[in-house]
Amino acid sequence: MEVNELSFEPNDRYNAFLTVCKKAPYGKGKLSGMAIAVKDNISTKGIETTCASKILKGYVPPYDAHVVELLRHAGAAIVGKTNMDEFGMGTTTENSAFGPTLNPCDTGRVPGGSSGGSAAAVAGNMVKMALGTDTGGSIRCPAAFCGIVGLKPTYGRVSRYGLIAYANSLEQIGPMGRTVNDVSTLMQVIAGKDRHDSTTYDRPYSHTPVADVKGLKIGIPEEYFGEGVDPKVAGVVKTAIIRLKELGATTVSCSIPSMKFALAAYYVTCTCEASSNLARFDGVRYGPAADTKKSWHEAYREVRKAGFGPEVRRRIMLGTFALSSGYYGKYYTKAQVARENVKADFARIFSEVDLIAGPTMPTIAFKLKEKSDPLSMYLSDILTVPANLAGIPAISVPCGKVNGMPVGLQIMGRPFEDERVIDAAYAYEQAVK
Amino acid sequence: MVTEKDVEHIAELADIGINSGELVTFTHQFNAILDYFDVLDQVKGDTTVTRDLTNIMREDIVEPSLPRDEVLKNAPAQEDGFIKAPRVM
Amino acid sequence: MMAEDQVIVGLEVHCQLDTKSKLFCGCSTDYRSDGPNTHVCPVCLGLPGAMPVLNKRSIEYAMKVAKALNCTVLQESEFSRKNYFYPDLDKAYQITQYDKPLAEGGYLEIESDEGGERRIRLTRIHVEEDPGRLVHMGNAERGKYSLVDYNRAGIPLIEIVSEPDMRSPKEARKFLNKLRATLEYLNVFDSDKEGSLRVDANISIKGNERVEVKNITSYKGVEKALTYEVTRQKNQIRRGQRIERETRHFIESTGITQSSRSKEQEHDYRYFPEPDLRPLQVQSWVEGIVLPELPDARRERFVLQYGCSLNHARTLTGELKLANFFEGVVAADPKGLSTLAATWIADTLIGELNFRSMNLDRVDAAGFTELIGILKQGIITDKSGIEVLRVMLDQRLKNEPTETPTVIVSLLNLAKNSGDTGAITAAITEAINENPKALEDYYAGKGGALNFLVGQVMKKTRGKADPGELNRMLIEALKKKEA
Ligand SMILES: [Zn+2]
């Protein structure tokens with residue numbers, strides 16, 4: 001195979017990258033020579049992969065994540081690893097152990113998270129496309145805050161093999177780019193069944209965007225325009241939806257009653273899974289050394305206290321509590337039932353409509369350090385987590401500005417109808433170009 | 001309502017070190033978050049159903065393991081091909 | 001036995017399934033002769049981002065066992081995570097089955113201490129992964145630490161949990177032997193592999209708390225550990241002390257059990273479904289599973305087909321290799337050889353092997369078959385037969401060049417002297433002349449004198465004389481002498 005090298009020395013004013021590959025090899029293929037940034041929770045053989053955590057400082061995976069293998073196979077040049085909230089736990093990228101990423105639209109504000117580094121690398125024109133991961137909005141939120149496009153694919157459509165797990169049952173790797181076309185192109189490369197990920201489906205993506213929403217019925221859930229949503233943001237999104245109607249779609253208002261459980265169900269599920277996923281970081285097989293002279297619990301506690309940031313430790317402990325004896329039924333079981341309710345609500349609505357649209361985030365990007373209380377931070381995920389709980393595809397596409405900051409239009413679709421979601425976003429994007 | 005003692009116990013279960021200053025903050029934050037989680041008490045039922053993707057398995061075929069230097073490369077301490085770990089006795 | 005002394009035992013048996021690759025990755029399970037950490041990959045090393053994919057054969061094997069043990073395979077089963085910290089546990093959780101095991105119910109029949117068959121009920125069978133292996137290093141002065149080898153991490157295990165239906169340590173051993181035989185017959189398990197079977201036992205004296213004994217890694221260890229526990233618990237009760245509900249570890253080297261620190265017992269494993277694996281719905285596979293002949297059926301057949309005694313049949317079918325060995329030996333002439341072969345294998349060969357700590361695999365089957373043939377033809381005496389067998393086994397044991405029984409018989413000049421009675425006649429004459437006192441006693445009608453003289457003649461003929469023939473000739477000679 002012919003191998004070339006791409007020189008990559010970006011002026012990273014936003015702290016978007018944790019690792020830069022100044023000489024990035026690439027081969028032939030659909031993405032030949034294309035600079036692609038990869039979120040730092042996706043394993044890259046021979047390139048340090050830290051999840052923006054001190055506990056993985058110096059860890060160099062001996063294997064590629066499946067999506068990275070696919071990127072390389074398509075000829076892409078992997079030019080670096082992007083900053084994120086530690087292990088994906090956050091909505092601002094301020095929870096990185098290696099400093100926050102700044103929003104290219106306003107460096108006094110956060111880029112959103114947790115894929116903030118990927119979003120800033122794309123929005124700051126350092127790369128054309130990037131991979132992010134979305135557990136509860138981590139692709140769509142920074143896409144909305146930075147004014148780019150980001151897709152959370154249907155659960156099971158993209159392999160998670162090599163994605164350092166935060167919440168396995170919720171998260172998906174997805175494409176981020178400046179245009180819907182770019183996002184679609186990257187999706188073509190990364191989607192499909194992987195024999196190393198038992199939760200993937202044989203549903204490859206070979207679609208080219210078609211700017212057409214004629215005859216489509218779009219559901220507008222009242223919960224997406226209710227309490228907690230900035231009226232100015234809601235206004236911009238409503239205007240965007242009117243634009244879709246002008247393009248031939250019809251709209252109908254709908255309701256997702258299970259939304260009142262969604263955020264709690266999401267946080268219980270993701271913290272439970274995280275508490276187990278992150279237990280392996282003990283300083284024995286990788287990461288900073290555990291003191292082998294001490295007893296194992298003592299040594300682990302030291303390593304994990306020094307290696308994990310406060311939000312990670314908070315979530316590990318929340319999940320540990322929710323799974324502990326006596327509380328499992330109250331938290332974990334109920335969260336799973338609530339999740340079924342969310343799925344059922346979406347199934348019911350999707351039997352009447354083709355797509356659901358609303359804002360991606362309730363507000364524009366926060367100022368740095370604006371959100372300090374964990375619960376109020378969690379609440380800002382309310383509009384993105386339902387798609388993760390239901391496993392449905394959801395995209396965020398820029399749809400205007402409030403106070404000079406970008407606003408994202410979120411479009412959700414039926415499971416495995418990522419193509420239709422892409423087409424609607426493309427139709428909108430082309431119409432407002 | 002969780003107490004500081006509860007939080008200490010959870011930290012122990014999770015093998016997470018915690019200092020006394022954090023204990024107060026964490027306990028306070030936990031109670032706020034757990035109060036919010038109480039909305040789940042309103043969820044009816046306690047079973048879920050499996051819909052699709054069952055019996056996902058691979059054939060029993062041997063594939064190459066990692067070379068040992070790759071296995072040990074990331075381990076902070078090793079000895080004679082073993083990975084060194086804290087004592088358990 | 002008084003009711004308050006009744007012993008109640010339940011077992012949890014972990015057996016390694018003999019698959020080619022590990023439970024959740026493609027690493028080879030054939031690691032025993034290789035160095036540490038040579039059979040590991042991102043999955044079984046617990047590297048961040050690696051995901052498990054279930055080995056189909058391990059489920060097929062487990063289902064074979066479930067069917068053979070009369071269990072019900074559940075409509076839906078799933079894997080869960082058992083969360084705890086230990087350096088040999090690569091992911092800090094073990095992927096196992098919890099509230100939805102592969103199979104439930106079932107039973108295994110064993111010979112009870114009273115002689116009849118006893119049915120030991122089973123609770124469940126589930127599939128799980130083995131952790132790695134720890135080596136304890138260092139000392140108190142220079143500091144202790146551990147070394148970890150993850151080669152074993154991810155080896156497929158089944159855990160078979162019994163109801164507390166066994167009534168003695170001996171029954172527990174019988175249960176284990178029967179279980180091992182069944183697994184061997186199913187060809188899913190290799191009992192020769194070190195660490196392929198491990199047992200946790202629950203034991204109590206009726207009316208008292210139960211104690212869990214962990215870390216039993218051999219068949220003999222089970223009876224030993226439980227016998228120790230019965231004595232310990234009974235003594236404690238006699239002294240009026242309460243039995244505490246606790247976990248104890250069996251120390252193989254000293255044969256005692258030791259209380260584990262109470263702190264370790266506060267386990268809260270926080271089980272929840274493994275999100276990286278999908279559920280199993282394999283109940284419909286059960287129908288298609290064809291079971292081989294199992295130990296009980298083979299035992300019945302040995303009685304009917306070969307006329308073996310029940311005891312011989314039980315011994316011979318108690319191990320797959322032994323049963324196959326027997327059938328190989330008698331294959332040429334089942335009618336003529338079975339009784340002789342059964343006796344020689346069950347009563348003699350096993351003892352000689354145990355004495356030498358030798359494995360049946362090392363016995364030359366063709367040579368043994370030849371030996372049975374020689375014995376059948378009456379060429380040598382039983383006593384010589386044992387001598388020949390010992391030579392054969394010793395040659396194998398010492399890795400010396402081996403000889404056939406026929407050669408050994410001729411080298412040691414062991415063939416019976418029938419036909420050539422000269423040597424016996426000479427020996428008789430000698431014995432009579434050398435022992436006038438015994439002769440006197442014989443004519444005086446004292447019991448024992450004849451036996452003594454027979455012994456003397458035997459000694460002189462080095463056991464080659466046929467005992468019946470010798471007896472006849474000796475009595476004749478004594479009659480002649482008296483006349
Ligand atoms: Zn492996």
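Predicted model: local features only at pLDDT ≥ 70, side-chain atom pairs only at ≥ 80, totals over all residues.
Reader: How many residue pairs are in polar contact between chain B and chain A?

Author: Residues are numbered from 1 along each chain as its sequence is written, while chains are lettered from A and ligands numbered from 1 in the order in which they are written. A polar contact is a pair of N or O atoms within 3.5 Å; within protein, one must be able to donate a hydrogen and the other to accept it, and residues adjacent in sequence count only if both atoms are side-chain atoms. With both residues at pLDDT 80 or more, the count between chain B and chain A is 21.

Reader: Which element gives the largest share of the side of chain B that touches chain A?

Author: Helices (H or I, at least four residues) and strands (E, at least two) are DSSP runs, numbered from the N terminus. At least two residues each come from helix 1 (4-13), helix 2 (20-37), helix 3 (68-73) and strand 3 (82-85) of chain B. The largest share, nine residues, belongs to helix 2 of chain B.

Reader: Is D15(B) buried or exposed?

Author: D15(B) sits in the loop between helix 1 and helix 2 of chain B, with a positive phi near 50 degrees. Most residues other than glycine have a negative phi. Buried means under 20% relative accessible area, exposed over 50% and partly exposed in between (1.4 Å probe, protein chains only). At 0% relative accessibility, D15(B) therefore counts as buried.

Reader: Which residue caps the N-terminal end of helix 1 of chain C?

Author: Helix 1 of chain C runs over residues 56-68, and its buried residues include I59(C), M63(C) and V65(C). N70(C), with a positive phi near 65 degrees, follows this helix. At the N-terminal end, a side-chain oxygen lies 2.9 Å from the backbone nitrogen of R57(C), and the capping residue is N55(C).

Definitions and conventions:
Heavy atoms only, no water. Expected span 1.5 Å × (residues − 1).
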